[in-house]
Amino acid sequence: MSSEEETKENKIVTQFDITKFLDAIDFAAKKHAFQRRKDVERTPYINHPIGVAKNLADACIFDLATIQAAILHDTVEDTDTTFEEIEERFGKEVRDIVDEVTDDKELPYSERKRLQIAKAVKLADKLNNLRDMQRSIPVDWTEKRVQEYFQWAKKVTDGKVLMSQGNQSEIRRSIR
């Protein structure tokens, strides 16, 4: 791997990033302080959002807003936190991601699950399109248009679902 490729792969983490990351953990830990998971061990609830952020990092997703949203993703759904509070403290981008993954508790359970399945299908569709384009570029598409599609698909998928490391690597290789 060339030093240029290594630079693209390894984002320098700043003191600011670490502070913002820890701020999200601190905020979520306080909001979930008295909540427990429903497992036999009744583990602290905060283990769940930390685990979600870890899964994203394991899949090579290191974008600060995405990791913050992973940590905060259940605060609106399961605590007294508001979207406005998330935006005020962590910014619009984090709020938008949290909003995207938060279930609307006013909808019936079956509708919330249907919407989750629809999102999974949409993401699987994007992945299939990317694989097809790796195999064969659409006849009327320029290389620039293909690259733009891959960049857009990366934005769609980052932080939205945990893809296998193989799929994540496949997308990253394709956008170079």
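**Entry 1: the main core**

I began with the largest nonpolar core, which holds 21 residues, and noted that I71, L72, I86, F90, V94 and V98 touch the most other members. For this entry I took a nonpolar core to be a set of buried Ala, Val, Leu, Ile, Met, Phe, Trp, Tyr and Cys residues joined through side-chain atoms within 4.5 Å, where buried means under 20% relative accessible area, exposed over 50% and partly exposed in between, with a 1.4 Å probe and protein chains only. The elements that give two or more residues to this core are α2, α3 (47–58), α4 (64–72), α6 and α7, and α4 gives the most, with six residues. I also found another core lying apart from it, of seven residues, among them L130, M133, Y149 and A153.

**Entry 2: what I am looking at**

I keep in mind that this is a predicted model, in which local features need pLDDT of at least 70 and side-chain atom pairs count only at pLDDT 80 or more, while totals for chains, interfaces and linings use all residues. Residues are numbered from 1 along each chain as its sequence is written, and side-chain values use heavy atoms, with hydrogens and water left out.

**Entry 3: overall make-up**

I counted ten helices and zero strands, with helices (H or I, at least four residues) and strands (E, at least two) taken as DSSP runs numbered from the N terminus. Of the 176 residues of the protein, 36% count as buried. For contacts, meaning heavy atoms within 4.5 Å, I noted that among those with a separation of 6 or more, 55% are between residues 24 or more positions apart.

I looked up the aromatic pairs and found three; rings of Phe, Tyr and Trp (its six-membered ring) pair if their centres lie within 6.5 Å, and planes under 30 degrees apart count as stacked, over 60 as edge-to-face and the rest as tilted. The rings of F27 and F90 have centres 5.4 Å apart and planes at 80 degrees, so this pair is edge-to-face. Because F27 lies in helix α2 (residues 15–31) and F90 in helix α6 (residues 83–90), the pair ties together parts that are 63 residues apart in sequence. Both F27 and F90 are buried.

Setting aside residues up to four places away in sequence, I found F90 touching D23, A24, F27, Q68 and L72. I then followed Q68, which is found in helix α4 and is buried, with a relative accessible area of 4%. Beyond four places in sequence, Q68 is in contact with K20, A24, F90 and V94, and its C-alpha atom is separated by 5.7 Å from that of A24, 44 residues apart along the chain.

**Entry 4: R95 and helix α8**

I checked R95 in helix α7 (residues 92–101), and R95 is buried, with a relative accessible area of 17%. In helix α8 (residues 109–135), the buried residues are R112, L123, K126, L127, L130 and M133.

**Entry 5: confidence**

I noted a mean pLDDT of 81, with 82% of residues reaching 70 or more; pLDDT is the predictor's confidence in each residue, from 0 to 100. The pLDDT stays under 50 over residues 1–9, for which the model has three contacts beyond four places in sequence. Over residues 159–176 the pLDDT is below 50, and this stretch has 40 contacts in the model beyond near neighbours in sequence. Where pLDDT is low, the predicted coordinates should not be read in detail.
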